Amino acid sequence: MTDLDYLKLSKPKKLLYRMGAFFKAIPKKTGHFFANLGKKILRFFKGIGAWFAEVFSTFRDGDWKTRLSYLIMGFGSIARGQWGRGVLFLLFQTVFNVYMFFPDASKSGCFYLAKLSTLGTVETQKINRRTVYGDNSFFILLYGVLTLFFIAAFIYTWYQNIRQNRISEQILKSGHKLKTTKEDVTSLMDEQFHKTLLALPTLGVTVFTILPIIFMILVAFTNFDATHQPPGKLFTWVGWDNFRQLLSTDTESYGGTFRQVLLWTLIWAFFATFLNYFLGMMVAIMINKKGIKLKKVWRTILVMTIAIPQFVSLLYVSKMFAQDGLINAYLMKWGWIQSPIPFWTDPMWARFTVILINVWIGIPYLMLIATGILMNIPADLYESARIDGANAFQMYQKITLPYMLFVTGPYLLTSFTGNINNFNVIFLLSGGKPLSMELSGNAGYTDLLITWLYKMTVNDTNYKLAAVIGILVFVVLAVINLITYNLIPSVKNEEDFQ
Amino acid sequence: MSTMKKVPEADVMTDNKSGVAPESKIEKTRSKSGHERRVNTAVYVVLIVMSVVWLTPFVFLVCQSFRSFLNEGGGMVPYVIPQKGFSLDNYKALFIKGFTAKKYLVNDLTLQEFFDTLDGDETLARDNAEAAALLRSAAEGRDPAKDTISSVMSAVQKDESVGQDKRDAASAFMRTVFSAARNQRFENDFRQDFNGRFIPWWTKTFVIGACFSLAVVALCILLKRLNENSDQLYRFRLLIMLGILIAAYLCYVLTIKQQMGYAPAAAGDYVQLGIIFLLFALFSLLAVNSFLKREGKLLQQIPGYPPETAWDKIKKAPVLFLEFLAMFVVMTCALIPTENSDYVGWYGNTLTIALFTAVIQTVIVLSVSYALSRLRFKGRKLIMNVVLVLGLFPGFLSMITLYFLLKSLGMTGPGAVPGLILIYCASSGMGYYISKGFFDTIPKSLDESARIDGATRFQVFLKIIMPLAKPIVIYTVLMAFMGPWGDYVFASYVAFGNVPTYNVAVGLYQWVNVADYQGYFTLFCAGGVLVAVPITALFLALQKYYVEGVTGGAVKG
């Protein structure tokens, strides 16, 4: 199909065509991916080779200061007068050595590393009424991963230390002076400013985000659950068993529940995103309509749901809808219903209520966003449309909606993924209820994957399945992101529309 | 502007020229305005209905918070349709130390308690003298400390010699006394806790803070008068202020805390107070210095401006005084002792967490987004991609790992407050998108010209970009400050059953979802209102910045 043919198509057909093209391109893309992967692996090994060559040649060509730096990190720098850098290198090496070869052998990095393949073999026992603690699988796994991090950091630093020596030698040979420590410090505020800015955040993210995520990914391959709880019990590697359990096709066990919860999560995310989107846009158009007074007042009233902390408003609203809550009490007082509506006890009602209340929470956000964008739509577009005799709905359909969709495309994507992980609304409103005997793992009919994960972690301490669910959430989100990135034009290139 | 003004003029001109056109046009606009009016009315109706729907829950929330949890009788169902009646009991209950709803759910009393209540309330005894006498006579010969009034009552009910109406009156009277006992017990506890614990603590801190601020201001003015050399003066002032600080701090720790009947000051108190006083000193120093220095210099530069007199300086003092006072009150709010009632403790925890998080998180987010937006370095794309991928993992996945990491640092259970600050701040660098988008819009030529003039990158960041980035700074602070107020998940997991270190969300959630939540439901409403009012006020005041941040983030993705 040529470009001209494509342009002739109508909107939905264009989308269909693009979707088709995307799926058609998948085999080709995977082929490319693997070809690229081969190249990348080759380049990677070449890189490692070059790395070794550099380390070796530096040793061969370097003077005694450089050579001693291979053993004592930072020696070369100190000997050449750059004591600031040298002391830092030395300090790092000391810390690393102390961590790896801690005097108390059962707390050293080496110990954790050695046990990592089995996650501990010595069981906790009771001897003469005294508990003798054996290995703690949890700490072995956690500190094992930490040790691996540490070793990687050490190798990198060690390499930097050697490279430093080589560069210093070259600079000295060419007759220039080396940077003094004072200059180093001032450069941290200037040329190297990004290091100063990013050092602390990177450390924080590494320890408090990356480390836990890697740890939990590894937990997905163990049998860490309520019956294998350290320090009393050991847990160990089980391979892909947990994934098999959750993705199994039988309807009885976790497999059926997982499919059910996943389906509801996607339905929920769809409604929560698009219902809020269109309703919010309509409200924004209404408020911004010419001739409507008290614009600020309407906006402020709606914004109340954002301003008031969610745990107050959502908890209160959830109790309003309870069996003996206000809504039912009023409806029965006015004689509209005979028996209370089962807002939270009937699966369909519960799902409906959750989506309804989410509209209450979500419209204001969209209203705020849409207000800003509506103001930006060039007025002459409407002017010319009016001259051509378009009515309000046509103008909405042909001007407002396409403009909004284009500009907020990325927002729709983030909002969809955000709704898949929308813990607060579900947890505070229904808590995943109503529960059912048909669902395993304590799941209820309004549980999202994320609230199910929370229940698994906190109530059931079934960490292995929680970890698997977490990974699957990641997979779902990654797939959605990949597809939409390929379909929505404004995500790819931001400047397109201007 | 000029073109816009011209358009209507042109319209009028053409109308005047063609003689027939105006009439038809007027007709058209008339019918159009009629249509418009109808549409507008419909829009107004929709908006009014929406406003009602949006506000109803909050109105009910406030209504229910003013319905006493005590006066609903023993059943305590504040859960149904609000009725008339106004009481502050729920708010009072928030300040009672060791409050449990059960304590005030009086369904039975020992004889001792019963008659004590009766003696404590004269009108009650006078109005029901007959029934009181009947019960008194029936209770004679019983053990006042052990026997309960209901056993006496059942004996009275079986007694056929007394008339039926009298028996009914007696049992109604008993219930009235119960409710009186409830109120008496509640009022006593409240008075004891609020007047005996909260008010002295509050007033004394207030007085000390005020005196302290006054002293600083007076000293500054005095020294400024004596010595015009500001550099020396500055150093001297610093020393004196440090002296005052240490004195005030020791005074506070050693005397006030003990007077209030708390345990003797522990090492932790010294550290905690030390930090707060240091912060306070910093703020006062900055304020005094910048105020006096800049104001004085600027005014002196104006030719013909009369030299500053002592009276001028004194006139400025109230401003400084108020500034200090506000600062001090904020600081002490963060210090609300956990020996107070549960709720006040939770409030204090949340405030502390929110204040610290707001400051630290803003610094982190701004530095990350500035680095990623403005500086070009190796690994920049890599960092952005890694953050993108990490963001796809659900946050709770790492919860247990974080718990054990914090536990190994001693920051769980009793130490949950610093632990939560650490958690909220550690990974906050990943939320850089919105502020990066903002920095991207600031023209690069600004940086470059400053760099040519010899500014370092740090100076560019601090002196050129930061002043321009005020909206996004405010947005970041607002978001960081509001976040901890609503967090239930991490707060409950890290505090794990340690009631004094809960935050408000966890505490109130427990109140709503405990087995007898009906006893606590109005308390939840009151607590929720106290949380919502300042947060909502703050949000509405800074709404402009929020809208800017949100729309900017949504459009750029």
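**Entry 1: confidence**

I began with the scores, since this is a predicted model. The predictor gives the complex an ipTM of 0.85 and a pTM of 0.79.

Chain A has an average pLDDT of 85, and 97% of its residues score at least 70. I then looked up where confidence in chain A is lowest and where it is highest.

For chain B the average pLDDT is 73, with 63% of the residues scoring at least 70. Here helix α1 (residues 2-17) of chain B sits lowest, at a mean of 41, while α15(B) is highest, at 90. I marked two stretches of chain B to treat with care. Residues 259-265 of chain B have a pLDDT below 50, with eleven contacts beyond near neighbours in sequence. Residues 333-338 of chain B are also below 50, and that stretch has 15 such contacts in the model.

Next I went to the interface.

**Entry 2: α9(A) against α12(B)**

I followed α9(A) across to chain B. Its axis and that of α12(B) come within 9 Å and cross at roughly 130°. That angle makes α9(A) oblique to α12(B). The crossing is left-handed.

From α9(A), the contact uses A:His194, A:Leu197, A:Leu198, A:Leu200 and A:Pro201. Facing them from α12(B) are B:Ile364, B:Ser367, B:Val368, B:Tyr370 and B:Ala371. Which classes turn up here? I have eight nonpolar residues, two polar and no charged ones.

**Entry 3: α12(B) with α15(B)**

I stayed on helix α12 (residues 342-374) of chain B and checked its packing with helix α15 (residues 416-426) of chain B. The axes are 9 Å apart, at an angle of about 30°. The cut-off for roughly parallel is under 35 degrees, so α12(B) and α15(B) count as roughly parallel to each other. This crossing is right-handed.

The α12(B) residues I listed are B:Asn349, B:Thr352, B:Ile353, B:Phe356, B:Thr357, B:Ile360, B:Gln361 and B:Ile364. They meet B:Val417, B:Leu420, B:Ile421, B:Tyr424 and B:Cys425 of α15(B). By class, that contact holds nine nonpolar and four polar residues, with no charged ones.

**Entry 4: domains of chain A**

Chain A is divided into domain 1 (1-53), domain 2 (99-239) and domain 3 (254-496). I took the C-alpha centres of domain 2 and domain 3 of chain A and found 40 Å between them. Their contact takes ten residues from domain 2 of chain A and nine from domain 3 of chain A. The domain 2 side of that contact has six nonpolar, three polar and one charged.

**Entry 5: α5(A) and α7(A)**

Another helix pair I opened is α5 (residues 83-100) and α7 (residues 137-173) of chain A, with axes 11 Å apart and an angle of about 150°. Over 145 degrees counts as roughly antiparallel, so α5(A) and α7(A) get that label. The crossing is left-handed.

A:Arg85, A:Phe89, A:Phe92, A:Phe96 and A:Tyr99 come from α5(A). From α7(A) I have A:Phe150, A:Phe154, A:Thr157, A:Asn161 and A:Gln164. The class count is six nonpolar, three polar and one charged.

Most residues other than glycine have a negative phi, and most peptide bonds are trans. I looked for exceptions in chain A.

The peptide bond from A:Lys433 to A:Pro434 is cis, with omega near 0°. A:Pro434 lies in the loop between α19 (423-429) and α20 (449-458) of chain A.

What is the phi of A:Leu294? It is near 60°, a positive value in a residue other than glycine. A:Leu294 is in the loop between α11 (254-288) and α12 (295-307) of chain A.

Technical notes
Residues numbered from 1 in each chain as written. Chains lettered and ligands numbered in written order. Predicted model: local features only at pLDDT ≥ 70, side-chain atom pairs only at ≥ 80, totals over all residues. Axes fitted to C-alpha atoms, helices over the stretch in contact; angles between N-to-C directions. Helix = DSSP H or I, 4+ residues; strand = E, 2+ residues; numbered from the N terminus. Parallel < 35°, antiparallel > 145°, perpendicular 65-115°, else oblique. Left-handed = near helix turned anticlockwise from the far one by under 90°. Contact = placed C-beta atoms within 7 Å. Nonpolar A, V, L, I, M, F, W, Y, C, P; charged D, E, K, R; others polar. pLDDT = per-residue confidence, 0-100. Domains from an automatic or database assignment.
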